[in-house]
Amino acid sequence: MTTAGPVDHSSDVDAASAETTIPSFPATGETIMRIVDFPPDAVYPAEAENAIFDELDGHAEKDAGQERAQSKHFWFHRTDSIDYAVVLSGEVTLILDGDESTLRAGDVVVQRATSHAWSNRTETTARMLFVLIGTEPQSAEEIARTRTALAADAVASSIA
């Protein structure tokens, strides 16, 4: 992980030493890299949703994703970050608001504050690498309004 602010290229201080508690989600300007194993969805107990978000201290992220989750998956959430996700092994399905994609080893996804869930519908564990870059908080509605305005501007520019 790295902390927000200027990057220290001079010292040998490890921002993610063994004694460091690494947060589950980065604050604005922070980065976190982690490798995550996703067991098959079938092995999770019925109360997995609360247990996972309790363990990650991720109830705010869960709540941010729930407005669009429509009960699609117990792991549906949204973070204020740009996420680079790489499937290292196995297969996972990325579930989004209105779509889903099955990803296999070598596939890469870049997400920008996207409401989503990772579903392992196979019988074997999938392994992924994530790099999360904390961004300024923006609601899904703010992002949608900005995208709509940008699209309208692009149309107006093409007509002019």
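This is a short chat about a predicted model of one chain.

Colleague: What are the ground rules?
Modeller: The model is predicted: local features need pLDDT of at least 70, side-chain atom pairs count only at pLDDT 80 or more, and totals for chains, interfaces and linings use all residues. Residues are numbered from 1 along each chain as its sequence is written, and side-chain values use heavy atoms, with hydrogens and water left out.

Colleague: How many helices and strands are in the chain?
Modeller: Three helices and seven strands. These are DSSP runs numbered from the N terminus: helices are H or I, at least four residues; strands are E, at least two. Along the sequence the pattern reads β-α-α-β-β-β-β-β-β-α.

Colleague: Where is glutamine 111?
Modeller: In strand S5, residues 108-112.

Colleague: Buried or exposed?
Modeller: Glutamine 111 counts as buried because its relative accessibility is 4%. Buried means under 20% relative accessible area, exposed over 50%, partly exposed in between (1.4 Å probe, protein chains only).

Colleague: What does glutamine 111 touch?
Modeller: Leaving out residues up to four places away in sequence, its contacts are Ser81, Ile82, Asp83, Leu94, Leu96, His116 and Trp118. Contact means heavy atoms within 4.5 Å.

Colleague: New topic. Which strand holds tyrosine 84?
Modeller: Strand S2, residues 81-89. Tyrosine 84 has 37% relative accessibility, so it counts as partly exposed.

Colleague: And the chain overall, how much of it counts as buried?
Modeller: 30% of the 160 residues. Among contacts with a separation of 6 or more, 65% come from residues 24 or more positions apart.
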